[in-house]
Amino acid sequence: MFDFGQVIDFLPQLGKGLYYTLLISIVGLLIGFILGAIFGLGRISKNKFFFIIASIYVEVIRGTPVLVQAIWLYFALPIILQFQMASITAGIVVIAINSGAYIAEIVRGSVDSINKGQMEAGRSLGLNKHQAMRYIIWPQAFKRMIPPLGNQFIISIKDTSLLSVILVPELMFQGRYIASNHFNAVEIYTTVALFYLVINFSLSLLLRYIERRLNY
Amino acid sequence: MITVQDLHKSFGDNEVLKGINCEVEEKEVVCVIGPSGSGKSTFLRCLNLLEDITSGNVIVDGYNLKDKTTDINMIRTEVGMVFQQFNLFPHKTVIENVMLAPRKVRKISVQEARERGEALLKKVGLAEKADQYPAQLSGGQQQRVAIARALAMEPKLMLFDEPTSALDPELVGEVLEVMKQLAKEGMTMVVVTHEMGFAREVADRVLFMDEGIIMEENTPEIIFTNPTSERTKNFLNKVL
Ligand SMILES: Nc1ncnc2c1ncn2[C@@H]1O[C@H](COP(=O)(O)OP(=O)(O)OP(=O)(O)O)[C@@H](O)[C@H]1O
Ligand SMILES: [Mg+2]
C-alpha cells in the first residue's frame with residue numbers, strides 16, 4: 001500500500017530542503033545568540049535606556065507567535081518599507097530575532113541564578129565589577145545556560161518548518177511540494193519528520209556530551 | 001585602623017543602623033555579639049562598603065569610605081572578608097580560589113600566586129586539598145579555604161560574619177583554631193559571632209549590638225561576668 005521505496009527518487013529535493021533548513025537554523029541561531037547576549041546584558045543592565053529597549057524586544061517577540069512574525073515580516077513589512085526581502089533572508093531574520101529574545105531571557109536567568117554571595121566574595125577581594133563578572137559570574141552562568149540553550153536551539157530548528165508559508169525552500173516546503181504533486185503524503189511527511197528527528201536528536205546528544213565535559 | 005562615626009544605614013525606610021560609633025586599633029580583635037536582626041552583618045558589611053553608607057563616616061586605614069575619591073577596590077584589597085556561607089567559587093579548584101584575586105588584582109605571576117596559595121593552604125591545614133573543588137570539601141574545610149583566600153591578598157584587617165554558624169558542631173573547632181592562630185599572629189579582626197567561648201578567649205573587646213546601636217562595649221571579662229545594661233544581661237542569659 002505504502003511505497004517507501006519511491007522516497008529515494010525525492011531525496012535530492014528533500015536534501016535541498018534539508019540544506020536550507022540547516023543553513024537558516026545555523027545562521028539564524030548564530031545571529032540569535034549574538035542578539036541574545038546583547039539584549040540579555042540589557043536585561044541585567046543598570047542603564048535604564050538599555051534595559052527598556054531590551055525588555056520591549058523580549059516582550060514583543062515572546063508575546064507573538066513565530067508564524068505571525070514570519071508572515072508580518074515577509075508580507076506586511078514590505079508594504080510599509082516598499083522593499084521586499086528574499087524569503088531566505090526573511091527566514092534567517094525571523095529565526096534570529098525570535099531565538100534572540102528567548103536567548104536573552106536565558107542569559108538573564110542564568111546570571112540572576114548565581115548566588116549574590118559570589119559577586120560579594122569577588123568584590124570583597126578587590127576585584128572590580130567587570131573582573132568579578134568575567135572570572136566568577138560568567139563562567140558559572142554560562143554552564144547553566146547550556147541546557148536551556150540546547151532546548152532553544154531545538155525549538156528554533158523546528159520553527160524553521162513554519163517558514164514554508166513565506167516560501168522559504170526548506171525541508172517542510174519541499175515536503176509539501178512533493179506530497180501535493182505526487183499524492184504520497186504518508187511516505188514524504190514521515191520522511192520529513194524523520195529528518196527533523198535525526199537533526200534534533202543528534203543535537204541533543206552533542207549537548208549532553210558538552211554538559212558532561214563541563215561538569216565540575 | 002577603623003574609626004566609625006555616627007554611622008546610619010537604612011534599607012528604604014527601615015533604619016537598621018542608628019548611629020554607630022567605634023574604634024578598632026591595629027592588632028585588636030573585636031567580637032560583635034547581639035540578637036538576630038540587630039544589624040551586626042549590616043555593620044560589618046559597611047566596613048568594606050558591601051552596603052553603602054546612608055550617613056556618618058567610616059574611616060579604614062586612613063581612608064574615608066564616604067569620600068568619592070577613595071578607591072574602594074583598593075580598600076577592599078586591604079580588608080579581607082569571610083562569610084557565613086563561605087562563598088567559595090564552585091567552578092574553581094581550591095588553589096584557584098586562593099590564586100584568583102592576587103593574580104587579577106595584584107597582578108602577581110602565576111608561580112608566585114601558587115607559592116603563596118600553597119603556603120596559605122598549608123597554614124590552614126589543607127595543603128593536600130589544593131586541586132579539589134569546593135564541593136568535595138566539608139563545610140569546615142571550605143571555610144578554612146575561604147580564610148586562606150582572603151589572606152592571599154595580605155589584608156591588614158579581616159572581617160568575619162558568623163564564620164561558623166553554617167557548620168555542623170563538630171566542624172566549628174577547626175575553623176576557630178585557624179582564627180585563633182591569626183589573632184595570635186597580630187591580625188586585626190572584627191568578628192561577628194555567636195561563639196561566646198571564642199569571644200571570651202580571643203577578643204580584646206566585645207561589642208554588644210541591639211536594635212542598630214552598640215549598647216555596650218567592654219573587655220570580655222566584664223561583658224560576660226558583669227554587664228551593665230539590662231539588655232546585655234538578658235541576651236547573655238539566653239545564649240550562655
Ligand atoms: N539587603 C537588605 N534589604 C533590606 N533589609 C535588609 C537587608 N539586609 C538586612 N536587612 C534588614 O536589616 C536588619 C538587620 O539585619 P542584619 O543582617 O544586619 O542583622 P544581624 O544582626 O546580622 O542578624 P543575624 O544574627 O540574624 O545575622 C534586619 O531587619 C534585616 O531584615
Ligand atoms: Mg548576620
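In the predicted model described here, Glu162(B) lies in the loop between β7 (157-161) and α6 (169-184) of chain B, where helices (H or I, at least four residues) and strands (E, at least two) are DSSP runs numbered from the N terminus. Phi of Glu162(B) is near 40 degrees, a positive value in a residue other than glycine. Glu162(B) counts as buried because its relative accessibility is 11%; buried means under 20% relative accessible area, exposed over 50% and partly exposed in between, with a 1.4 Å probe and protein chains only. Residues are numbered from 1 along each chain as its sequence is written, and chains are lettered from A and ligands numbered from 1 in the order in which they are written. As the model is predicted, local features need pLDDT of at least 70 and side-chain atom pairs count only at pLDDT 80 or more, while totals for chains, interfaces and linings use all residues; side-chain values use heavy atoms, with hydrogens and water left out.

A polar side-chain atom of Glu162(B) lies 3.2 Å from an oxygen atom of ligand 1, a polar contact being a pair of N or O atoms within 3.5 Å (within protein, one must be able to donate a hydrogen and the other to accept it, and residues adjacent in sequence count only if both atoms are side-chain atoms). Oxygen atoms of ligand 1 are likewise approached by polar side-chain atoms of Ser36(B), at 2.6 Å, and of Thr42(B), at 2.5 Å. The protein covers 59% of the 640 Å² of accessible area that ligand 1 has on its own, as computed by the Shrake-Rupley method with a 1.4 Å probe, only the protein chains shown counting as cover for residues. The residues around ligand 1, including Phe11(B), Lys40(B) and His194(B), are those with a heavy atom within 4 Å of the molecule. By class, this shell has 3 nonpolar, 7 polar and 2 charged residues, where Ala, Val, Leu, Ile, Met, Phe, Trp, Tyr, Cys and Pro count as nonpolar, Asp, Glu, Lys and Arg as charged, and the others, Gly among them, as polar. Helix α1 (residues 40-46) of chain B contributes the largest share of the shell, 3 residues.

Elsewhere in chain B, Phe86(B) also has a positive phi, of about 65 degrees, although it is not a glycine; Phe86(B) is placed in the loop between β6 (79-82) and α3 (94-104). The charged end of Lys9(B) sits over the ring of Phe11(B), 4.9 Å from its centre, the criterion being NZ of Lys or CZ of Arg within 6 Å of the ring centre and within 35 degrees of the ring normal. The charged end of Arg149(B) is placed over the ring of Phe89(B), 4.4 Å from its centre. Arg205(B), in strand β9 (residues 205-210), reaches the backbone oxygen of Glu23(B) with its side chain at 2.5 Å.

Chain A contains 8 helices and 0 strands, and buried residues make up 46% of its 216 residues. Over all chains the count comes to 4 aromatic pairs, defined as rings of Phe, Tyr and Trp (its six-membered ring) with centres within 6.5 Å, planes under 30 degrees apart counting as stacked, over 60 as edge-to-face and the rest as tilted. Among them, Tyr19(A) and Tyr20(A) form an edge-to-face pair, 5.1 Å centre to centre with 70 degrees between the planes. The pair formed by Phe39(A) and Tyr57(A) is tilted, at 4.5 Å and 40 degrees, and links helix α1 (residues 7-43) to helix α2 (residues 48-62) of chain A across 18 residues.
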